[in-house]
Amino acid sequence: MKNGTPILEVRGITKRFPGGVVALDHVDFEVRAGEVHAILGENGAGKTTLMNILFGVLQPDEGEIYVYGKRVKFRSPLDAMNLGIGMVHQIRKLIPAHTVLENIILGHPKTGTIINMKKAREEVKALCERYGFKIDLDARVWQLSAGEQQLVEILRALYRGAKILILDEPTSVLTPLEIDSFLNSMKSMAKEGIATIPFVTHKLPEVFAISDRITVLRRGKVVKRLETREATMKALAEYMVGREVLFTLEKPKVKIGEEILRVENVSALNDKGVLALKGVSFSIREGEIFGIAGVAGNGQQELAEVIAGLRKPIGGRIFFKGRDITNTSVLERMKMGIGYIPPERLGVGVIGNFSLVDNILMGIYFDPEFSNKGFLNYKKIRDYAKKYISEFEVVAPSIDTKAAHLSGGNLQRLILARVIPRTSKLLIANSPTVGLDIAATEAVRSRILACKEKGMGVLLISEDLDEVLQLSDRVAPIYEGRFVKILSAEEAKKEVVGAMMAGALSGGV
Amino acid sequence: MVYIQLPKLKRERVVVLTGREAVTISILSLVVAFIIFSGFLMLEGASPIEAYGHIFTFAFNPELGLSTTLHRGFFILFSTLAFIVPMSAGLWNIGMEGQFYLGTIGAFAIAYSFPNLHPALLIPLMLIVGALSGAGYGALAGFLRGKLNVNEVVVTLMLNNIAFWLVYLLTVGGPWAGIAESTSRPLPASAHAPIVWNIPFTSFLAIGIAVILYIFLKYSVLGYQIRVLGNSPVVAKHIGINATKITILVMAIGGAIAGLSGYHMWAGDPAFRLIPRPEAYKAIGDLTYWGILIGLICLLNSIATIPFSVFIGSIIVGSTVLVRRLRLPFGLDVLFLGVISLTFVAFQFFHHYRIKRIRRG
């Protein structure tokens, strides 16, 4: 197929869900061979529904889909795959214990009952050479990095003969170095006439770098179609959110005060009993945001838990305002004014089966102000909950709504409404914006800056390098349980920190 | 070509189950149980309508079964409440049987030691010591779980067996053996439970505990901590709840409630007032397992378990007429109870999943 000819066309797709929700409202766009056509939209814009319709998981109520100019109807993903549509999921659908090759040929119609491994290997090898992919076919999937696993998913789709690839949040879990190699593979696929459709919520810069055209969805409608070279980041974000978005939050000028937290040579084991944190030392002062940049699994999670009191260190000491708190309980630390925002929401930061009030109560249940002789004063608690739920802009029908019904952004706002008002000295924010859309991300970041402005110390842990660099006063890239170096905001250049967190650069800058 | 379109069904996870849905599910499961058992009745040549009529007219007739229905119903209520408290913290107390035996031992030990004490003193003392014995037995499993992370289901289940043999040792040829073979000596008259409106006063104690538990779990600080732990141990850890302390506490509370039922059972029914032969007290001990089912069906709502426990009591008592009055084969009454519990268990599926029909495109 010649590059530039339309191969996928979507016309007037409408999808309604029970309860009158219109997830997609007359959406149309077309994709040409060899182009990268990004679909942008916030959470709830209808991206997932559209993706599911293109891949045959859902059927549209109205509208038509054309592949190579022929009208098609998908009854299941199998139909879509047979017509050359492949999907790369955000949550990997691979078998960790199997090899790369086994994962690629799994489920292929050609594989049949008896597997011809030799032939399959040659075919996959040829595929790799054609697109310039480098991967060890005999490696087990669990040994691979996030980027390599993604490549396996792409290869699996290509091996099935995909000509159109749907990519769900392709860059969200990749490190800066992996993003580069991902962009290269996108280019080589485009050269071979493969059309790719990345669906993107969070990471605009990458989309910007790779796509040829962009379609922006908002509340189920196409609000803008444009060529990438005509677009600006700011304009795109505005199309997505529907209002102006401040991309660079103003870091407030705050006097850095006294030392709040001092961590001395702390080591800790992870859940598997392996040494994950290997002697980390640093301090945080009033009004300071200390950022830790790193790829997940390098000990930052353990560090956050040690400081919050959730994990016992096996070595080292922690001082809070000069007092040794190495062995104090989580509750005592909460009472001292230390707040912790966990990286996961449902089941860690929020109980889905509890109402919003009962979730807010998690931050104050121990406070005698809200109980009387061991019984909860629900009138006071409800007033308190009402106040902070509205102050933190949690959108919900009522404060008695079960938290499970909230979206990701609202869940995070709920956690902030529980933690921040009770945090007076030190906020530990562990991946606070992971999975959130632009509007919610902006809200969370401005809350963190507000904490700084009030003179709190903040420990910010994030895989999102831009976030760490944008908010922090000092940045420590973490790699394999150690800080590579502690950098000032001026020293912390993206390339330097990116290389450090990937382990490619030691402290000698 | 003609296609026959079968509806395509899909299983969907239920995120939040409302009380109304739970009630609908249990009523449906009962209806199904009655329909299934009708099949067995017809197989035996009996009319289901007539049989069910007999069951309930006997169970609720004040002249016949009512007082036993209520007595057994409230006995099951004790077990249910003993299950609910640990379950609210996410722990499976399968040890109500053992805790009931321990409560029996505690109460009887007091009665035999101080037979001449005034009832106003003796009876509360029997209840307290019975509750403490049960509490200690429950706390043992709680300690193993909370401190050493030993699975509480296995521990409580094994402790049940130990408790059974403890009672056996005391009664069959043991220090408490009575004149009749393998039963205990009768309780002194001072230990007999006062009867109010034809039922032992401990029945009202059970209702009182159910109401207190409802308020305790819903509105107390401790009850809140228990519910957080029950919904998510991870969240509980993150907000500074001491899981070890709560684990031991809820198992002790559960054990105490089950322990109280020891006095209620033997001192409350004029037909007993002693510990009967092993197979008879084991049969009563087996009734405690209804607490698990009832607790789960009522979504741990202790007030809702009151009528439900009495209803199960009525079936336990009423179904005996199938054999005695309708001359149906022996064991059919037990089969009915089995059918009901199986359908209840099967319908637990709907507490977690919905079946949805999906339209073909």
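How many residues does the contact take from chain B and from chain A? In this predicted model, 23 residues come from chain B and 29 residues from chain A. Together the two chains bury about 2200 Å² between them, with 66% of that area on carbon and sulfur atoms. On the chain B side, B:Y224, B:H238 and B:I239 lose the most area to chain A. These residues together account for 29% of what that side buries. One salt bridge is found across the interface of chain B and chain A. B:R227 forms a salt bridge with A:D358. The closest N and O atoms of B:R227 and A:D358 are 3.4 Å apart.

Within chain A, the division is into domain 1 (6-241) and domain 2 (259-337 + 423-501). The domain centres, taken over C-alpha atoms, are separated by 35 Å. Contact between the domains involves 10 residues of domain 1 and nine residues of domain 2. About 840 Å² is buried between domain 1 and domain 2 of chain A, 64% of it on carbon and sulfur atoms. Zero salt bridges are found across this domain interface.

Chain A also holds a packed helix pair. Helix α4 (residues 117-131) and helix α5 (residues 146-159) of chain A pack at an angle of about 110 degrees. Their axes lie 11 Å apart. The angle falls within 65 to 115 degrees, so α4(A) is roughly perpendicular to α5(A). From α4(A), the residues A:A120, A:E123, A:V124, A:L127, A:C128 and A:Y131 take part. They meet A:L155, A:L158 and A:Y159 in α5(A). By class, this helix contact has eight nonpolar residues, no polar residues and one charged residue.

Definitions and conventions. Residues are numbered from 1 along each chain as its sequence is written. Chains are lettered from A and ligands numbered from 1 in the order in which they are written. This is a predicted model: local features need pLDDT of at least 70, side-chain atom pairs count only at pLDDT 80 or more; totals for chains, interfaces and linings use all residues. Side-chain values use heavy atoms; hydrogens and water are left out. Axes are lines fitted to C-alpha atoms, for helices over the stretch in contact, and angles run from 0 to 180 degrees between N-to-C directions. Helices (H or I, at least four residues) and strands (E, at least two) are DSSP runs, numbered from the N terminus. Angles under 35 degrees count as roughly parallel, over 145 as roughly antiparallel, 65 to 115 as roughly perpendicular and the rest as oblique. Contact means heavy atoms within 4.5 Å. Ala, Val, Leu, Ile, Met, Phe, Trp, Tyr, Cys and Pro count as nonpolar, Asp, Glu, Lys and Arg as charged, and the others, Gly among them, as polar. Domain bounds come from an automatic or database domain assignment. Buried area is the accessible area (1.4 Å probe) that two parts lose on being put together, summed over both. A salt bridge is a side-chain nitrogen of Lys or Arg within 4 Å of a carboxyl oxygen of Asp or Glu.
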